[in-house]
Amino acid sequence: MTRATGLRRVLRTTGLLTLLVATAAGAALSGTPAVAPGRAPVAASGAPDIPVDAMTGAPVPIDPPAASGAPAASTTGGATGPAATSATAAATAAPGATAQPAARTAPLIATSSSAFAAREAGAAPTAAGDPVPVVVRGSGEFAGLEVTVSQTSHLVNQVIGLSWTGGRATSPSPMSFGQNYLEVMQCWGDQAGGPDREQCQYGASKGDGRGGAYVPSRQLNYGRTLTDPAETIRPAGENQNVYAPFRPAGGGPAETDGSSQYYDSQSTNEVPFAPTRADGTGQLYFEIQTGMEAPGLGCGQTPAGRPGPFTEGRACWLVIVPRGDREVDGQPPTGDSAKLQSSPLSATNWAKRLVVPLHFEPVGLSCPIGSTERPTSGTEMAAEAVWRWQPVLCRQAGGIFSFTRTTDSLARGRLLQGDPGLVYVGFPLPKDAQTPGRTPVYAPLGVSGLAISFVVESQSYSLTPPEIRQKDGQRIQEMNLTPRLVAKLLTQSYRYAVNPGDPDVPAGNPLDLTSDPEFLDLNPQFKNLYFPSRIPDLLLPTGDSDAASLVWAWLYSDPQAKAFLEGVVSPGWGDSVNPAFLRDGITLPVSNYPKPDSYCQSFPDDPTARPAWCNLDSHPYANTMLEAARSAARGDTLSKSVWDSTTTPGSLRKGAAQAQGLRGVLAITTTAQAARYGLTTARLRNGKGEFVAPDNTSMLAMLDQGLVPTTSGLPIVSPAAQVAGGYPLTSITYAATVPSALDAASGASYASLLRYAMGDGQTPGVAAGQLAEGYLPLPEDVRFATGVVAGAIEALAGKPEPTPKPTPTATPTSTAGPSPSARPTAAPTAPSGSLAAGVTGQPVVREASDATDAAPSDDRRPAAQAPSGGGATGAPATTPAPDPSPAGPSPEHTPVVLAPATPAAAVARTARTEVGNVRFLLLGALIAGVLAGAAGLLVPRLLRRRRP
């Protein structure tokens, strides 16, 4: 035995023993503690954890966020806005109003019925990362009015909540606005005391006839019988109308004719009628718009030509004009059912305004010009988190990380050839679809969920009991849905889900969801209500996605929904699926949302030669789930329902959105998008028969007990899992790349992104760099695992992979990914709870619950099946290479599999669990093992070189 050989064996033995010790330590750290089983959820309140590095556990620096309720000032001085950043000072300067930070009560906006009920009841204080509500109070005749605004800083295009007390009940009813209501609008303006009326986006809803004729307009003259004595803008002639001008933020000429090129009825966020309840309280969900949605206001925009970075964009204002029981001339209104007639912009009404400053995140580029751009792309499930992280990542991770939303199939395709960048997917690439020499690595990036989100405002008819009629216009906060009900909505099986007269929809099917006896049996709060606009279907995104596959797998895991989708007439309810889904050869489940019903309503007697009105005109797709979420919040069904014969040629245009108080729209969105746009989320029936809303507790339950492995070796959440309290549409998003296809600089940048995402990026909050609401703050073991993957990406970037030994050719599978409810594979051979096993490529998964056998198998979806509808793009035209790895797991050519794992009775630790200095022992053991292994290769070579 030579000296080099002996030393090599000693080093290898030392490395092996060290890794065994590390593995044992990992198992011990993940063992069963003396507490009740199940991972404790991250609390919704209380102090946040101290940010720590995902790899070392040491504190890491971050740009300090602005104090709660007040955004940080721009370090460049480039962003324009009110001179006074104090809400109290700014609002006090405005006539008739004061504003101050509110007590730390939870915000109005809720993503589930239980959360909303708690907040309405004045529940516990918010967490440190939550926005601080601001209160503004009226004066004079409105001295008792107190309006709470849920968020005024770190704003993006989103929905915020307004609630108020001390008002007088709207008369004559909550949906007929004669007297006593609020009017709300968004304005720009750089002066400290608030905007003037020429800077407000208002007047595009002048066709809303629920109130007086001029109330929704900018018009300032009201006929011969009503004149505002304080008004300075007066008509020059008897038959001339005058309007409050609108001056855009960009400096263009003032518009004086009552309409605007900057906003219209399709785009405005103004609310001309917000009712007050009989007890003097009220609530309103208000869309905040940036300069992207409202170019005339320019909110959040940064100065052109300045390099940045900016910590805040242009500030704007929220203006609330309370209306009482007197007109601008001081007299009670007469005629027209005693309705107020004047505009809120009329001088007397404007003097009573309440104003609240609004502070925005910068719109557009928030990173220094010239920064290196690193592309990321993939599933929309990751979008809200990545967009929130982007502004801070360029300062802390060394580059601009762009994000392009693509289908999961296209994202997986980037792992097969070319520069993969970093992609986000729901389902990993099947092992036998990998390209030789291009081993993908995966890191858990986020856990969130899909939601059936809705905005449904109570609407009644004349025979409805008075106590229910008083709730007209208010949000309905609860909805229970079974898989069978969702199947009806997805397959356009309600009679109003396609155009009237469609012979396909069975005559015995209900008209819409709210008239379905099956739905009313589960949701009695909808009885005695009537929705003229009907709610027959969902706003659905176009294209294929792993998220859509997850929804269909949930439906197919339920025997009643499965029978409905296969054409069985319900013996209890007598309805059945739209036959178009059976006739057109769609093999369910699929990875998109097909609309195969081709019925078109014709108008043979129309003198304007109106063309046929088809299914995708009246019930179109949204481009993305984000568009579906925003449209639902606005009451916009996206339906092209207005035939304009005055154009040449005639054109079919989108109809106006449903007015505030008259909305009824459902959509499939992510949980994060639902939170952003103030949508309520339905409670879905899970495998245990429970109706569960998406929140941290229910998603964490599925992460703990609902995982199943896939053919890639990584786990996903099974929507069929029988998990008590588990939300069935919980989803894991993986960040993936191929280190050998990256250069070293890219590998280091993507590793920094993952480390930030698992560190400061896991702090919930609304500021840039924090974790958006709707995502589960990841537990410590998952964050640690992702940190290990980050280290692997950085270490292996740009290094060719070893040539693997040849193996028998396997049958390629589609790059579209496995079914989200694939049957579990054999039990993992690695020790349960040990993340070290994941690093070596061995599958580490939690045991699935006892319901996973009910999940459909992979063969329900043909490997080469193309999307069936919605204009989706499929996987790239690449032939997956056979899996070249040997029969056993090989560190040289298997995915780095990292996912949380515990034995059946174990408790995985959350980010708040202290593990003491033992974690450093484990980390040191891992590092020592790696160094010993490297020394086993390098030291003997050095010794040979030194021989004489």
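This is a predicted model: local features need pLDDT of at least 70, side-chain atom pairs count only at pLDDT 80 or more; totals for chains, interfaces and linings use all residues.
**Entry 1: helix 5 and helix 17**

I started with a pair of helices and found that the axes of helix 5 (residues 383–396) and helix 17 (residues 744–758) come within 10 Å, crossing at roughly 125°. That angle makes helix 5 oblique to helix 17, because angles of 65 to 115 degrees count as roughly perpendicular and those over 145 as roughly antiparallel. I noted the handedness too: helix 5 and helix 17 cross in a right-handed way. On the helix 5 side, the contact is made by Trp 389, Val 392, Leu 393 and Gln 396. Helix 17 answers with Leu 753, Tyr 756 and Ala 757.

**Entry 2: helix 8 and helix 10**

Next I looked up helix 8 (residues 483–490) against helix 10, whose axes come within 9 Å and cross at roughly 130°. Helix 8 is therefore oblique to helix 10. Which hand does the crossing of helix 8 and helix 10 have, left or right? I have it down as left-handed. From helix 8 I listed Pro 483, Val 486, Ala 487 and Leu 490. They meet Val 551, Trp 552, Trp 554 and Leu 555 of helix 10. The class tally for this contact is eight nonpolar, no polar and no charged residues.

**Entry 3: the largest cavity**

The largest cavity has a volume of about 120 Å³. I count 16 residues in its lining, with Pro 275, Gln 283, Gly 473, Gln 474 and Gln 660 lying nearest the centre. Which element gives the most to the lining of the largest cavity? My note says strand 10 (residues 282–288), with four residues. By class, the lining of the largest cavity splits into four nonpolar, seven polar and five charged residues.

**Entry 4: the second largest cavity**

My last stop was the second largest cavity, which holds about 90 Å³ of space. Its lining has 13 residues, and those nearest the centre are Gly 426, Phe 427, Leu 550, Ser 731 and Ile 732. I was pleased to run into helix 10 (546–556) again here: along with strand 27 (715–717) and strand 28 (730–737), each supplies at least two residues of this lining.

Technical notes:
Residues are numbered from 1 along each chain as its sequence is written. Side-chain values use heavy atoms; hydrogens and water are left out. On a 1 Å grid over the protein atoms alone, a cavity is a set of points where a 1.4 Å probe fits but cannot get out, and a pocket is an open set with protein on both sides within 12 Å along at least five of seven lines; lining residues have an atom within 4 Å of a point. Grid points are joined across faces, edges and corners, and a volume is the space filled by probe spheres set on the points. Ala, Val, Leu, Ile, Met, Phe, Trp, Tyr, Cys and Pro count as nonpolar, Asp, Glu, Lys and Arg as charged, and the others, Gly among them, as polar. Axes are lines fitted to C-alpha atoms, for helices over the stretch in contact, and angles run from 0 to 180 degrees between N-to-C directions. Angles under 35 degrees count as roughly parallel, over 145 as roughly antiparallel, 65 to 115 as roughly perpendicular and the rest as oblique. A crossing is left-handed if the near helix is turned anticlockwise from the far one by less than a right angle, and right-handed if clockwise. Contact means heavy atoms within 4.5 Å.
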